[in-house]
Amino acid sequence: MEPAGRPRDRVPRIDPYGFERPEDFDYAAYEEFFSAYLVILTRRAMKWSKLLKGGGGVQKSGTVKRYIRKGVPLEHRAHVWMGVSGAQARMDQNPGYYHRLLQGECSGRLEEAIWTDMNRTFPDNVKFRKSADPCLQKTLYNVLVAYGRHNQGVGYCQGMNFIAGYLVLITKSEEKSFWLLDALVGRILPDYYSPAMLGLKTDQEVLGELVRTKLPAVAALMDRHGVLWTLVVSRWFICLFVDVLPVETVLRIWDCLFSEGSKILFRVALTLIKHHQAFILEASSVADTCERFKEITRGSFVTECHTFMQKIFSEPGSLSMATITRLRESCRARLLAQG
């Protein structure tokens, strides 16, 4: 039985990345958004094709940054991510390194931990099912094993499977996915996935401080109910909004994450909280607050990714890297003092 009002022929049940649309998916609203977004995508694709004409790598520049903020077309995404993140340069400097890692010695524990998570990674994505041909589970497994051997201080941590899974879907290349994972875990996200997860805990506290400054009423509510930031935003940070926000919106966020760094995560979080401030402030308990933070990641505000991305650069106001660095230093020191 088809849901009422679904434009059946125009919006398929499975999205372009292989994810099944949920039972309660609003096909009519999505069709309305996507028909307008398609016009923007077509225009951006023409501009990108012109910019990338003649091949070669993508170098950071004012134009590239502006273009990235307006969205990278799917066909250019892997190329652009590889260029602006430094992953392409690392790959070029280390030919054959990825394949040598795969041929390396098994530790047993690493491989077992990764394999255990394979069936839990995107069960709603047809490309990761054992019946798929090719099944991306093996590709994903290889990327994570290679990374665990490459960065033994991190090894494997839950959450990395979702991130590497998106990289595999976009690049369709094990080796490129590995080098992009290295860019994220090794350089862009300081200390998020180490055993102590100090970087992750620090950034959750940094968000709390930013909210205290920019949205004091929300900070007061959190204090009043005794809600720790880790309760409501840890998944936002650890999964980089994968399985939190709609796929297309996550990819638009990642376009900027690879280009501009981890500051983007704070812009997204602050925009979600600020836009829904009145709704959050109605929370009457810890459980209610947690539920409202889940609610704000759904609906048209986040589905309409082009408008959403414009908002993240206007709604939170100024947010310099110097401010983030200063807050990271103080929050990190406080966490270490607490032991």
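Predicted model: local features only at pLDDT ≥ 70, side-chain atom pairs only at ≥ 80, totals over all residues.
Residues are numbered from 1 along each chain as its sequence is written, and side-chain values use heavy atoms, with hydrogens and water left out. Local features need pLDDT of at least 70 and side-chain atom pairs count only at pLDDT 80 or more, while totals for chains, interfaces and linings use all residues.

The largest pocket comes out at a volume of about 1400 Å³. A pocket here is an open set of points on a 1 Å grid over the protein atoms alone, where a 1.4 Å probe fits, with protein on both sides within 12 Å along at least five of seven lines. Volume is the space filled by probe spheres set on the points, which are joined across faces, edges and corners. The lining of the largest pocket (residues with an atom within 4 Å of a point) runs to 48 residues, with Phe 25, Leu 245, Pro 246, Val 247 and Thr 303 nearest the centre. Elements giving two or more residues to this lining include helix H1 (27-51), helix H3 (74-85) and helix H13 (247-260); helices are DSSP runs of H or I, at least four residues, numbered from the N terminus. H1 supplies the largest share, eight residues. By type, the lining splits into 28 nonpolar, four polar and 16 charged residues, with Ala, Val, Leu, Ile, Met, Phe, Trp, Tyr, Cys and Pro taken as nonpolar, Asp, Glu, Lys and Arg as charged, and the others, Gly among them, as polar.

Turning to helix H6 (residues 109-118), its buried residues are Leu 110, Glu 111, Ile 114, Asp 117 and Met 118 (buried is under 20% relative accessible area, exposed over 50%, with a 1.4 Å probe and protein chains only). They sit on the same side of H6 because they cover an arc of only 130° around the axis, taken from the directions from the helix axis to the C-beta atoms. Exposed Arg 109 and Glu 112 are on the face turned away from that buried side. The buried residues of H6 pack against helix H7 (136-150) and helix H8 (160-171), contact being heavy atoms within 4.5 Å.

Across the whole structure, 30 aromatic pairs turn up (rings of Phe, Tyr and Trp, its six-membered ring, with centres within 6.5 Å; planes over 60 degrees apart are edge-to-face). Phe 122 and Phe 162 pair edge-to-face, at 5.4 Å centre to centre and 70° between the planes. This pair links distant parts of the chain, 40 residues apart: Phe 122 lies in the loop between H6 and H7, Phe 162 in helix H8. Both Phe 122 and Phe 162 are buried.
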